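Thanks for coming, everyone. Have a look at the sequence and the model, and then I'll walk you through a few details.

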Amino acid sequence: MKQSASTKILAIETSCDDTCIAIFEIRNSKFEILSNVISSQVKLHSKYGGVYPTLAKREHQRNLISVLSRALKKASLLKNPKSKILISKPKIAEQSSLRGRQILNSKSQILNSILEREPELLKQTLSFLKKHRKPNIDAIALTVGPGLEPCLWVGVNFAKALSCFWDLPIVRVNHIEAHIFANFVGSNSKFKIQNSKLFPAICLVVSGGHTQLILMRGLGRYKILGETRDDAAGECFDKAARILGLGYPGGPIVAKMATKIKNPRSRASSLRGRQKSKIKNIKLPRPMIYQKNYDFSFSGLKTAVLYQYQKSKIKNLPQPIPTAHAQGRNSIWQKYKQEMCYEVQQAIIDVLIHKTLKAAKDFKVKTIILGGGVAANSELRKQFKSNIQHLSPNIQYLIPNIQFCTDNAVMVGVAGYFHWLQGESACWEKIRAEANLRIK
Ligand code: KG4
Ligand code: ZN
């Protein structure tokens, strides 16, 4: 186990459509986030109502150097240009600068091969590395999977280039585990989480790409109990929003629209698992809710939204301009969409809560842990809390701070630091993207 007085980790995350780099320092067993930069591609992908992998890859290539510069600058680690290094003895200076140039040339050649498929990123990276000195960083934590393969590769190749040039070890991070570790961002960095206190735990990771129920027996010890057979929960939010013409990403928009529906019954019945919607004309299925397994399926729910929407009589009304803002506040369309959003959100929440609580009971867990972009949903957070209390007040409930639910590099750094403490770093030559990586 490695641990010194102060350790600085640079974390890189490019598994989907956010280019993220964070730097944090671990000093006296405390995490301090020095910088947390996220370059979002939402505007680009909103045109398509979802993430377009080749476009996302291109954006990562364009953004990485600027995100890195901002992260280093914010952390006060962007070192002065190399030309400013003053060496007093001219002869030694000549020799060392010659040696330095040779090393630089041979490393530049390696970088050429690492980033040969990313010419734009290569150009920017070489120019950046020639201009700036190695920052005071101990290791790079990197998301290697699961995720969109083209996107993962950009981050992987970039991390390899930095690792080779700066002689830094890389710690491979599983994106799903990072979503779980988002819960430990503020905790003691020695991970003095008493296993007997928190574990076993059930983790529900719900994002745009994944919906998995995981049994966690300790830090770094996982077993997938079930997962979605088709669409992820976040994908269902996104697709429902797209059908309703509300924009992208759908989760936050659907959640906001749903708040307009005042339903006093929602609170009362939330203690009883399945929620019966008060909405008379919109009823959506709760797919697989009562099946005796831990799997999910959300594509049928999305299709039900589509059919209901097409079938609806109000379809015959003049079409509104399909953006959330352009709708007249009191229009029947607005009301209909609010009700649909309320119902689709509640259908997703019902299934997620029912399955998670079933697993919690079956495995007699001490803790329920949420993670992933959908865990930012306030109604989901609230209803989980009341249902867990109802099931057993002794079960602990961990949810990340909202800003760490959606993709970010801080969570990658925290998971990476945990594995670094276990001595799990690797040389850049061994690192590759693993789009279908499974947590275990
Ligand atoms: O974890 P994440 O940032 O990326 C993946 O790993 O996929 O999750 C993004 C997903 C999107 O589908 C988005 O619509 C959903 O998380 N999301 C939400 C909310 N905020 C983001 N879903 C429901 N309610 C929210 N407030
Ligand atoms: Zn994610």
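**Cysteines and the sheet**

Start with Cys20. At 0% relative accessibility, Cys20 counts as buried. Keep in mind that this model is predicted.

How far is the sulfur of Cys20 from the closest cysteine sulfur? The distance is 9.8 Å, and that closest sulfur belongs to Cys16. That is too far for a bond.

Now take Cys16. This residue is partly exposed, at 23% relative accessible area. What about disulfides overall? With a cut-off of 2.5 Å between sulfur atoms, the count comes to 0 disulfides. Cys16 is in none, and its nearest cysteine sulfur, in Cys151, sits 6.5 Å away.

On to the sheet. What is the order of its strands? The sheet is open, has 6 strands, and runs E3-E2-E1-E4-E5-E11. The pairing is mixed. Strand E3, residues 30-40, and strand E11, residues 425-426, stand at the edges. Each has a single partner strand, so one side of each is left without a neighbour in the sheet.

Next, the helix on this sheet. Helix H2, residues 53-74, packs on the sheet and touches strands E1 (6-13), E2 (18-27) and E3. The direction of H2 makes about 25 degrees with that of E2.

Let's zoom in on one pair. Strand E4 covers residues 139-145, and strand E5 covers residues 170-174. They pair in the parallel sense over 5 bridges. In one of these pairings, Ala141 has Val171 in E5 as its bridge partner.

Last, helix H5, residues 149-166. H5 lies across E1, E2, E4 and E5. It runs at about 160 degrees to E4.

Terms used
Residues are numbered from 1 along each chain as its sequence is written. Chains are lettered from A and ligands numbered from 1 in the order in which they are written. This is a predicted model: local features need pLDDT of at least 70, side-chain atom pairs count only at pLDDT 80 or more; totals for chains, interfaces and linings use all residues. Side-chain values use heavy atoms; hydrogens and water are left out. Two strands pair if DSSP finds at least two bridges between them. Helices (H or I, at least four residues) and strands (E, at least two) are DSSP runs, numbered from the N terminus. Contact means heavy atoms within 4.5 Å. Axes are lines fitted to C-alpha atoms, for helices over the stretch in contact, and angles run from 0 to 180 degrees between N-to-C directions. Buried means under 20% relative accessible area, exposed over 50%, partly exposed in between (1.4 Å probe, protein chains only).
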